[in-house]
Amino acid sequence: MATVLVMSSKVSAAVTEPKRDVEVLHWWTSKGEMKAARVLQDSLEQQGIAWRNFAIAGGGGESAMTVLKSRAVSGNPPTAAQLKGEDLQEWAMLGFLTQLDPVAQKQHWDQLLPPVISQIMKYQGHYVAVPVNIHRVNWLWVNPALLKKAGAELPDSLASFFAAAEKLKQAGIVPIALGSDPWQEVTLFESIALAVLGPEDYRSAFVDLDSGLLSSAKMVEVFRQFDAIRPYVDVRTKAMEWSDASAMVVDGEAAMQFMGDWAKGEFTAMGKVPGVDVLCLPAPGTQGFFTYNIDSFAFFKHDATMNLESQAQMAYTILTPEFQRQFNLAKGSIPVRNDVPLTEFDRCAQASAQAFQANAEHHQLVPSLSQGLANSSYVQAAIFDVVTDFFHSKKADPKQAAMRLERAVRSAR
């Protein structure tokens, strides 16, 4: 039976009150991310809940998940952990997570949250996680001064993107900053895939796992376009974190970066204004589309020494309007609550909110493949292997890659 969080204001005098603290596992370790995490820490400490930071470096969260599995299996999980997508379903199915229904009912989550988000947060109809934000993944970040120097135009299609990249390269400017993590390469791949396939076929391929589409001529074209990008990534950028690649764009060392809007947290931390100093464009060919990533926290079952009210209060705090405002301003994302005014948010965030709403109304939102929202961790790992092997192969064959992708996904299902 699942543990259920209940919010109460009284503690029996006959019982020793458990410590009011939370140990929080997350992978927000870059400058902008740490600033956002501090918003949550401060919000809890102002309520008398001590914050025990359990940060594991690694933008994709792979290292954090390895540590979490070790801690959970040994019977010593953290109070809360940053989990998302299919991982939530897997942990809930194994019986590790507490239910948040009392908090959700008190705060009216079903009314506050967009349906696509509330569905992700539930297991068998019960809330098992609280969403923190909405990230748009299909962004292209551009240093306008470098494009101007090279005489290149802002790209709005794959064809115009390659034209701009070639002009930048001929001018001696690194066209694309890209770090070495596999998830960064898949972030680039999924934007190319969305441009080539469109939302419907993207979903059929990477959510429904349609074998025919995975090995189709359309997927061959995705790999062909992906392969064409490699000459525009400077080899010196391949041993970096994503935040270092973002810094290259700000510092004028590279012209463009494919990255979700968490990059804005880095730009802001470096004193730049997103949308002004660094331009935000939908990834070429994906205008009007929205690939989403949702950060969320789940809470783990503990024995009687754990103050369940601290877990409940953290969940409640995350969806308060003021926290949503402060946190998302720092993180670069947009609030999950649609009643938080965006007047203080930059033009990129406002454009993101408009695109999210439009895609939600037309049922065209697509989950991020690179961020673990599209499918199970097993399928995701299979896709990562195919995509990254292809990207680093000197004899990459798009047709063979599409066939291998279909086989790998079929084996991992």
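Me: Which residues of helix 14 are buried?
Reply: In this predicted model, the buried residues of helix 14 are E309, S310, Q311, A312, Q313, M314, A315, T317 and I318.

Me: What share of the protein's residues is buried?
Reply: Buried residues are 57% of the 413 in the protein.

Me: How many helices and strands are there?
Reply: The protein has 18 helices and 14 strands.

Me: What about overall dimensions, what box do the C-alpha atoms fill?
Reply: Roughly 75 × 45 × 40 Å, taken along the principal axes.

Me: Of the contacts with a separation of 6 or more, what share comes from residues 24 or more positions apart?
Reply: Such residues account for 78% of those contacts.

Me: Switching to cysteines. How many disulfides are there?
Reply: The count is 1 disulfide. C280 and C348 form it, with their sulfur atoms 2.1 Å apart. The pair links distant parts of the chain, since C280 lies in strand 11 (residues 279-282) and C348 in helix 16 (residues 347-361), 68 residues apart.

Me: Left-handed or right-handed?
Reply: The link of C280 and C348 is left-handed, with -95 degrees about the S-S bond.

Me: Are those cysteines buried or exposed, and why?
Reply: C280 counts as buried because its relative accessibility is 16%, and the cut-off for buried is under 20%. C348 is buried too, with a relative accessible area of 1%.

Me: How do strand 7 and strand 12 run, parallel or antiparallel?
Reply: Strand 7 and strand 12 (residues 291-293) run antiparallel, joined by 2 bridges. R136 has Y292 in strand 12 as its bridge partner.

Me: What else does R136 do, which ring does it lie over?
Reply: R136 lies over the face of W139, at 4.6 Å from the ring centre. Elsewhere, the charged end of K169 sits over the ring of Y232, 5.5 Å from its centre.

Me: How many aromatic pairs in the whole structure?
Reply: A search finds 21 aromatic pairs. One of them is W28 with F327, a tilted pair at 5.3 Å centre to centre and 50 degrees between the planes. The pair links distant parts of the chain: W28 is in the loop between strand 1 (21-26) and helix 1 (31-45), while F327 is in helix 15 (residues 321-331), 299 residues apart. Both W28 and F327 are buried.

Me: And F323 with F327, stacked or edge-to-face?
Reply: F323 and F327 are stacked, 5.3 Å centre to centre with 25 degrees between the planes. Both lie in helix 15, 4 residues apart, about one turn of the helix. F323 is buried, as is F327.

Me: Which residues do ring pairs link into a cluster?
Reply: Ring pairs link F189, Y202, F206, F223, F226, F390 and F391 into a cluster.

How values were computed. Residues are numbered from 1 along each chain as its sequence is written. This is a predicted model: local features need pLDDT of at least 70, side-chain atom pairs count only at pLDDT 80 or more; totals for chains, interfaces and linings use all residues. Side-chain values use heavy atoms; hydrogens and water are left out. Buried means under 20% relative accessible area, exposed over 50%, partly exposed in between (1.4 Å probe, protein chains only). A disulfide is a pair of cysteine sulfur atoms within 2.5 Å. Two strands pair if DSSP finds at least two bridges between them. Rings of Phe, Tyr and Trp (its six-membered ring) pair if their centres lie within 6.5 Å; planes under 30 degrees apart count as stacked, over 60 as edge-to-face and the rest as tilted. A charge sits over a ring if NZ of Lys or CZ of Arg is within 6 Å of the ring centre and within 35 degrees of the ring normal. Contact means heavy atoms within 4.5 Å.
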